[in-house]
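Hi everyone, thanks for coming.

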Amino acid sequence: MTQIPATLIRGDGIGSEIMEAVLAVLEPLGQPFAFEERPAGLGAFESQGDPLPDETLGSIGRTKLALKGPLTTPVGAGFRSVNVRLREAFSLYANVRPCRTILPGRFSDVDLVVVRENLEGLYVGQEHWIPIGDDPCAVGVATGFNTRASCRRIVQYAFDYAVAHNRRTVTVVHKANILKVLTGVLLQEARAVAKAYEGRIALEERIVDACTMQLVLDPSQFDVIVTTNLFGDILSDLIAGLVGGLGFAPGANIGTEAAIFEAVHGSAPDIAGQGKANPVALMLAAGLMLDHVGRTTDAQRLRDAIAATIVAGIRTPDMGGTASTADFGAAVAQAIQEIPT
Ligand code: NAI
Ligand code: MG
């Protein structure tokens, strides 16, 4: 089979370790991607003075497909999130985050998908300070916006996703009791779009705070969730917690100009360099990337091999095991070879 050109960004913190494990499991699948490796993140900023070099943007512009490790963003000050810039540069408007139980914990049957609006809301970076007296930063102000067109597009994406993946319900999560305009526009568009799917996909509505409580009590009542940028960010980590933690949650950033696949988690500086990060989330992201390019059999083999490895008791410390990131990767690579094609 021909290799598909794609860009690879190792990223910061645990990025290199987990990416090595992912490359090891792509090997027995015949290395489906011809990767161009490019820098980004804090590492690129420190070595080249630019957290998102032109050569990286140029590569993704050509390949329109990328697998990306986590990127560190300075908190409070410093350069703007490279993740957010990548989403804007390639109009990656849909952030799709499927979450499934592999290792039963508190819940054994979580299977839901968050479709997060990825470009607007409070993430548009329009922030400023207002001075009062001799305090130049007396008031912090952020302006968020959600366009009707983008709300329609993301809800449409969620419904089409539900149809394509045999799902039954789309739940729109909002805060239109308080943010009547900012999140009300999403709710209005959800109601409008849902009409075309009547009898096939049901629309449910939840206010975000109540939704978090319901997710923690009984996640099985949810199927596909569509929501704004900030709520989607928060709910994704919460949902990752329902299936054993951030080590299990992959994400796809789908856009009109490109698609970028990554883990939901960040660069985990607290465990970086120790060889104990869980590479499953990035492996599952590679699985979503295989699905995206039509290699669905390979994607399923990868998912089956990950599950088989965990069931066999080979687990990284966050799963309660002692396997290193590299050991886990080698075990999944071995399991892939044992699955009949
Ligand atoms: P984080 O997701 O990096 O870590 C949160 C906690 O989860 C930590 O205790 C970490 O050790 C653990 N964890 C995360 N991934 C894990 C894995 N694969 N295996 C085992 N444990 C794992 O979030 P945090 O600490 O808030 O952010 C660290 C940096 O990552 C920040 O600079 C942040 O901006 C960045 N970040 C980047 C993202 C991206 O590139 N898409 C997404 C989220 C955060
Ligand atoms: Mg997040």
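Let me start with a question: how far is an oxygen atom of ligand 1 from a polar backbone atom of Leu71? The distance is 2.8 Å, and please keep in mind that this is a predicted model. Two further polar contacts deserve a look. An oxygen atom of ligand 1 sits 2.9 Å from an N or O atom in the Asn83 side chain. With Asn278 it is the backbone that takes part: one of its polar backbone atoms lies 2.9 Å from a nitrogen atom of the ligand. On its own, ligand 1 has 820 Å² of accessible area, and the protein covers 69% of that.

Now let's step back to the whole shell. Ligand 1 is surrounded by 19 residues, and Leu71 and Asn278 are among the closest, along with Gly266, Ala268 and Asp270. Sorted by class, that shell holds nine nonpolar, seven polar and three charged residues.

On to the cavities. H8 gives the largest share, with three. As for the class of these residues, the lining has five nonpolar and five polar ones, and no charged residues.

That's my tour; I'm happy to go back to any of these views.

How values were computed. Residues numbered from 1 in each chain as written. Chains lettered and ligands numbered in written order. Predicted model: local features only at pLDDT ≥ 70, side-chain atom pairs only at ≥ 80, totals over all residues. Heavy atoms only, no water. Near = heavy atom within 4 Å. Polar contact = N/O pair within 3.5 Å; in protein donor to acceptor, adjacent residues only side chain to side chain. Areas by Shrake-Rupley, 256 points an atom, 1.4 Å probe, with all protein chains shown as cover. Nonpolar A, V, L, I, M, F, W, Y, C, P; charged D, E, K, R; others polar. Helix = DSSP H or I, 4+ residues; strand = E, 2+ residues; numbered from the N terminus.
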